[in-house]
Amino acid sequence: MTEEVHWQRLAAELDRIAASGRQVDFWLRDDDAAEPTVALDRLLSLVDRHGLAVVLAVPPALTGEALARRLDGLVHVSIAVHGWAHRNHAPPEEKKQELGAHRPRAAVLHELELGYDRLRTLFPVGFVPMLVPPWNRIDKSLLDALPEIGFTVLSVFGPEKPSPFKLANTHVDVMDWRGTRGCRDHASIVADIITRFRQVCGDVEERADQKGRTIGVLTHHLVHDEGVWAFLEKLFAATSRHPACRWLAGREITTAR
Ligand SMILES: [Zn+2]
């Protein structure tokens, strides 16, 4: 056995969590699925092999019957609303945003309503009332209106901050967006996961409604290189059957807690 030291560290952390009688809750959010592809097949077969669930964040304007047929009957796959058309409306000097303050609030909300209805119709079983803003950014002025549309959960990236709206964020991104545009160094992704263990296990007294309690892993199947696939294989192998870990399904995220 010559497993790398970071995987040994992860295993040791998990053993310690299990020994203290605790569990950590993982969930997997994969963004940008719009149609069936070889990469999507690979993701679906990977999670299936490990008995995991996945939440696919789907841009409503870009998807259709083909994806609905491909996912039909896959009970471990949930569908979240990924903006509307994944279109940037911010000027070039700003970070990309579809759900920003660059357009009238009513126009943005109208698109979100259309998106919600479209995905609920296309995916009547897998749909979950979760909004995943493209590029993980949304203007605060929109939050009030999300429950009227039907959303119960918002998912962006980073530790959950106090919010008027229930958050289920992702915390660990496997991609090196600014550098290689491939997989990040495996050791640093594992280090992020262990940091997140401390955040979720550290302060149990704090109100759970203000702080996320999950470890959200963020993936983008369309751009994964072999390094990402290898990382996910190892992560799932290390966690899917470990007594300290649970991998939550979309419905558990949007309904519980
Ligand atoms: Zn996206």
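This is a predicted model: local features need pLDDT of at least 70, side-chain atom pairs count only at pLDDT 80 or more; totals for chains, interfaces and linings use all residues.

Me: Let's start with H82. Buried or exposed?

Reply: H82 is buried, at 1% relative accessibility. Buried means under 20% relative accessible area, exposed over 50%, and partly exposed in between, with a 1.4 Å probe and protein chains only.

Me: Which residues coordinate the zinc ion?

Reply: D32 through OD, H82 through NE2 and H86 through NE2, at 2.0 to 2.1 Å. Donors are N, O and S atoms within 2.8 Å of the metal (3.2 Å for Na, K and Ca); water is not among the atoms, so sites may look incomplete.

Me: How are the donor residues spaced in sequence?

Reply: The pattern is D-x49-H-x3-H. D32 sits in the loop between β1 (24–31) and α2 (38–49), and H82 in the loop between β3 (77–81) and α4 (105–122), so this pair ties together parts 50 residues apart in sequence. Helices (H or I, at least four residues) and strands (E, at least two) are DSSP runs, numbered from the N terminus.

Me: And where is H86?

Reply: H86 is in the loop between β3 and α4. It is partly exposed, with a relative accessible area of 22%.

Me: What about the backbone of H86: positive or negative phi?

Reply: Positive, about 55°, although H86 is not a glycine. D32 also has a positive phi, about 85°, and is not a glycine. D32 counts as partly exposed, at 22% relative accessibility.

Me: What does H220 touch, beyond its neighbours within four places in sequence?

Reply: D30, D31, D32 and W177. Contact means heavy atoms within 4.5 Å. H220 lies in the loop between β7 (214–219) and α7 (226–239). It is buried, with a relative accessible area of 10%.

Me: New topic. At what angle do α1 and α6 cross?

Reply: Roughly 15°, and the axes of α1 (residues 5–19) and α6 (residues 186–202) come within 9 Å. Axes are lines fitted to C-alpha atoms, for helices over the stretch in contact, and angles run from 0 to 180 degrees between N-to-C directions.

Me: Which residues make that contact?

Reply: Among them are W7, L10, L14 and I17 of α1, and V190, I194 and F197 of α6.

How values were computed
Residues are numbered from 1 along each chain as its sequence is written. Side-chain values use heavy atoms; hydrogens and water are left out.
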